[in-house]
Amino acid sequence: MTAEQQAPTASPLGPLARYEKNLIDRVTDFNDPRQEWRRLFSELLGTFFLVLAAAGGGMMSQAFPGVISHTAAVTAPALTVMAIILFMGKISGAHLNPAVSIAFALRGDFPWRRVPGYIITQLVGATLAALFLRAVINVSAKYGSNYPAHGYSGMAAFWMELALTTGLVSVILGTASGAQNIGIIGAFGVGGYIALAGLWGSPISGASMNPARTFGPDLASTTFLGYWVYVAGPIAGAVLAVGIAFVLRGRGGGKAGTAAAQGDLFTEVYESGKS
């Protein structure tokens with residue numbers, strides 16, 4: 001018997017098998033534009049949980065004075081972000097923050113055409129969380145927002161937000177880099193940084209580092225006092241962090257950074273010199 005006679009021939013898939021294969025491929029291939037809604041829902045849900053913890057601390061403190069400490073108020077959202085990255089990071093990249101989406105796009109790890117959808121869903125998720133908290137706790141959502149501290153100017157708060165966000169986005173871009181190759185451990189780095197930044201930086205600006213986190217409570221309470229600080233500061237910090245990443249690791253757009261930004265938490269080194 002010849003080798004040609006021994007080689008098995010692949011049987012064609014039947015209609016049902018083809019349908020099942022196509023369905024599985026569509027579910028697993030989140031680069032398929034038809035799967036974008038999954039990523040957007042992930043961003044909405046993740047930002048909802050983030051703002052639930054971040055704004056909830058201040059609003060609970062107003063309803064129950066003395067119960068929520070400053071340490072608890074800044075640690076809760078940090079732990080929430082860590083948990084979200086661990087359980088949903090593979091789906092959408094777990095940006096949860098317009099400044100992060102913009103930074104990934106500037107870095108070349110995330111397509112600009114998807115940035116508006118991410119930002120809109122982040123803002124919606126934050127607003128829904130603030131409305132939920134207001135309905136349940138029965139206090140104004142303004143107590144869950146961020147404002148420049150009494151006696152400090154908007155510019156002082158701006159510089160604080162810029163500095164804190166530069167550090168946050170630097171951690172995010174660095175842990176997403178193939179050069180670091182730390183994969184899932186990146187969640188602990190990001191969560192740890194948010195907690196530390198809040199512990200020392202929150203008295204002046206609230207350590208928002210996230211335009212969506214402040215937008216939700218402000219919209220729910222229709223109180224946009226100094227909101228420009230929480231848009232300009234984080235975005236400027238994100239841009240600066242992208243510049244720092246270029247100095248440290250060169251151009252972005254590598255497979256590892258792209259996978260982390262677009263929904264693959266486990267990063268690998270693919271090409272030397274590329275993040």
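Modeller: Before we start, a residue counts as buried when its relative accessible area is under 20%. Also, this is a predicted model.

Biologist: Got it. So is A94 buried or exposed?

Modeller: A94 has 10% relative accessibility, so it counts as buried.

Biologist: And where is A94 found?

Modeller: A94 sits in the loop between α4 (70-92) and α5 (98-107). Its phi is near 50°, which is a positive value in a residue other than glycine.

Biologist: What about T222, what's its phi near?

Modeller: Phi of T222 is near 50°, again a positive value in a residue other than glycine. T222 belongs to the loop between α9 (211-221) and α10 (227-249).

Biologist: Buried or exposed, that T222?

Modeller: T222 counts as exposed, because its relative accessibility is 66%.

Biologist: Switching to helices. At roughly what angle do the axes of α7 and α8 cross?

Modeller: The axes of α7 (residues 154-176) and α8 (residues 186-205) cross at roughly 175° and come within 9 Å. Since angles over 145 degrees count as roughly antiparallel, that makes α7 roughly antiparallel to α8.

Biologist: Which residues make the contact?

Modeller: From α7, they include A156, M160, L164, L168 and I172. The α8 side includes G189, Y193, A197, W200 and I204.

Biologist: How many nonpolar, polar and charged residues does the contact of α7 with α8 have?

Modeller: By class, there are 14 nonpolar, 6 polar and 1 charged residues in the contact.

Notes
Residues are numbered from 1 along each chain as its sequence is written. This is a predicted model: local features need pLDDT of at least 70, side-chain atom pairs count only at pLDDT 80 or more; totals for chains, interfaces and linings use all residues. Side-chain values use heavy atoms; hydrogens and water are left out. Axes are lines fitted to C-alpha atoms, for helices over the stretch in contact, and angles run from 0 to 180 degrees between N-to-C directions. Helices (H or I, at least four residues) and strands (E, at least two) are DSSP runs, numbered from the N terminus. Angles under 35 degrees count as roughly parallel, over 145 as roughly antiparallel, 65 to 115 as roughly perpendicular and the rest as oblique. Contact means heavy atoms within 4.5 Å. Ala, Val, Leu, Ile, Met, Phe, Trp, Tyr, Cys and Pro count as nonpolar, Asp, Glu, Lys and Arg as charged, and the others, Gly among them, as polar. Buried means under 20% relative accessible area, exposed over 50%, partly exposed in between (1.4 Å probe, protein chains only).
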